Amino acid sequence: MPAFKTPFNGYAVKFSPFYEQRLAVATSQNFGILGNGRLHVIDLSPAGPIAEIAAFDTADGVYDVSWSESHDSLLIAAIADGSVKLYDLSLPPTSNPVRSLSEHTRETHSVDYNAVRRDSFISSSWDDTIKLWTIDRPTSVRTFKEHAYCVYSAAWNPRHADVFASASGDCTARIWDVREPGSTMILPAHDFEILSCDWNKYDDAVIATSSVDKSIKVWDVRNYRIPVAVLNGHGYAVRKVKFSPHRASVIVSCSYDMTVCMWDYMVEDSLIGRYDHHTEFAVGVDMSVLVEGLLASTGWDELVYVWQHGTDPKAP
């Protein structure tokens, strides 16, 4: 499939849970260090080029994006000024963002919408906190403050509406239950900063973490003394890790080594695919819930690729 060129550096890409051809892309100017941002919504076409159906400009970089699980037109964006912004594609650009939630005191680095409860989302920030929000409230419901350094990623459990995981530069991943006063589990998962985490979509006790140490580790929270699997193969820090929505043991990752890798952590030769189509850091990756094997990635080379696993991402 053809690539989509963004004016700024890619940071995150997410498939719509409602429309199989639709994706959202978060981008930041000047590698996210200083400057503006833009949130793109694009549609794939079977025959022609990728079409942009909406773009929203921000004064600061956009680091992450998450689709609402309840409204097909609603998007949530993590912004470098510490805000969380809500966009509605059914409204004209001048009416967007429909809400700007400014509580984090440093950059908001990740957002994740609750797929079970469908009215709430979490944001994680370089201010060391995670915040819980609901769609109808102008202020956060709760702030989770235990991490000792930037929280790069927070992800809801796919089956339990109150449970989420977080990954931090303090070298721990934590499991939280919003009904409990503090974290319910601390995983000293890596010896270096942890950049990403995600839950297995078929086993709600299994999570994956990825780190600056170049590895991905898979953990069973019922017995987390040693990891279930350690996946080595990236040459630099692993920026994002994501479990397949279709195959229980399959994981996709992207790295500062400019590659996207696919793994099956249940088999001995766990690396089952490597794609080196990016020419700069690969920092965003996703798998389609609606089309099995469909992948998307973005990076600092200002390109978004969408391809079927097993095919060449650069093939027209």
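Colleague: Arg 22 and Asp 43: buried or exposed?

Modeller: In this predicted model, Arg 22 is buried and Asp 43 is buried as well.

Colleague: What do the side chains of Arg 22 and Asp 43 form?

Modeller: They meet in a salt bridge, with an N to O distance of 2.8 Å. The pair links distant parts of the chain, 21 residues apart: Arg 22 belongs to strand β3 (residues 22-28) and Asp 43 to strand β4 (residues 37-43).

Colleague: How many salt bridges does the structure hold?

Modeller: There are 14 salt bridges in the structure. One of them joins the side chains of Asp 64 and Lys 14, at 3.2 Å from N to O. Asp 64 lies in strand β6 (residues 62-67) and Lys 14 in strand β2 (residues 9-15), so placed that 50 residues separate these distant parts of the chain.

Colleague: And are Asp 64 and Lys 14 buried or exposed?

Modeller: Both Asp 64 and Lys 14 are buried.

Colleague: Where do Asp 162 and Arg 179 sit?

Modeller: The side chains of Asp 162 and Arg 179 meet in a salt bridge of 3.4 Å, N to O. Asp 162 is in the loop between β14 (151-156) and β15 (163-168), whereas Arg 179 is in the loop between β16 (173-177) and β17 (185-187); the two are 17 residues apart and link distant parts of the chain.

Colleague: Why does Asp 162 count as buried?

Modeller: Asp 162 counts as buried because its relative accessible area is 12%, and the cut-off for buried is under 20%. Arg 179 counts as exposed because its relative accessibility is 58%, and exposed means over 50%.

Colleague: Which residues are joined into one network?

Modeller: Arg 117, Asp 162, Asp 177 and Arg 179 are joined by salt bridges that share partners.

Colleague: Changing topic, what is the strand order in the open sheet of four strands?

Modeller: The order is β10-β11-β12-β13, and the pairing is antiparallel. From one strand to the next, the twist averages 20 degrees.

Colleague: Which strands stand at the edges?

Modeller: The edge strands are β10 (108-113) and β13 (142-145). Each has a single partner strand, so one side of each is left without a neighbour in the sheet.

Colleague: How many bridges join β12 to β13?

Modeller: Four bridges join strand β12 (residues 129-134) to β13, and the two run antiparallel. Lys 131 has Thr 143 in β13 as its bridge partner.

Colleague: What does UniProt list for residues 149-263?

Modeller: An unreviewed UniProt entry lists residues 149-263 as "domain: EIPR1-like beta-propeller". In the model, this span is 50% strand and 0% helix, and its end C-alpha atoms lie 29 Å apart.

Key. Residues are numbered from 1 along each chain as its sequence is written. This is a predicted model: local features need pLDDT of at least 70, side-chain atom pairs count only at pLDDT 80 or more; totals for chains, interfaces and linings use all residues. Side-chain values use heavy atoms; hydrogens and water are left out. UniProt positions are given in the numbering used here, feature names are shortened, and annotations may be inferred rather than shown by experiment. A salt bridge is a side-chain nitrogen of Lys or Arg within 4 Å of a carboxyl oxygen of Asp or Glu. Buried means under 20% relative accessible area, exposed over 50%, partly exposed in between (1.4 Å probe, protein chains only). Two strands pair if DSSP finds at least two bridges between them. Axes are lines fitted to C-alpha atoms, for helices over the stretch in contact, and angles run from 0 to 180 degrees between N-to-C directions.
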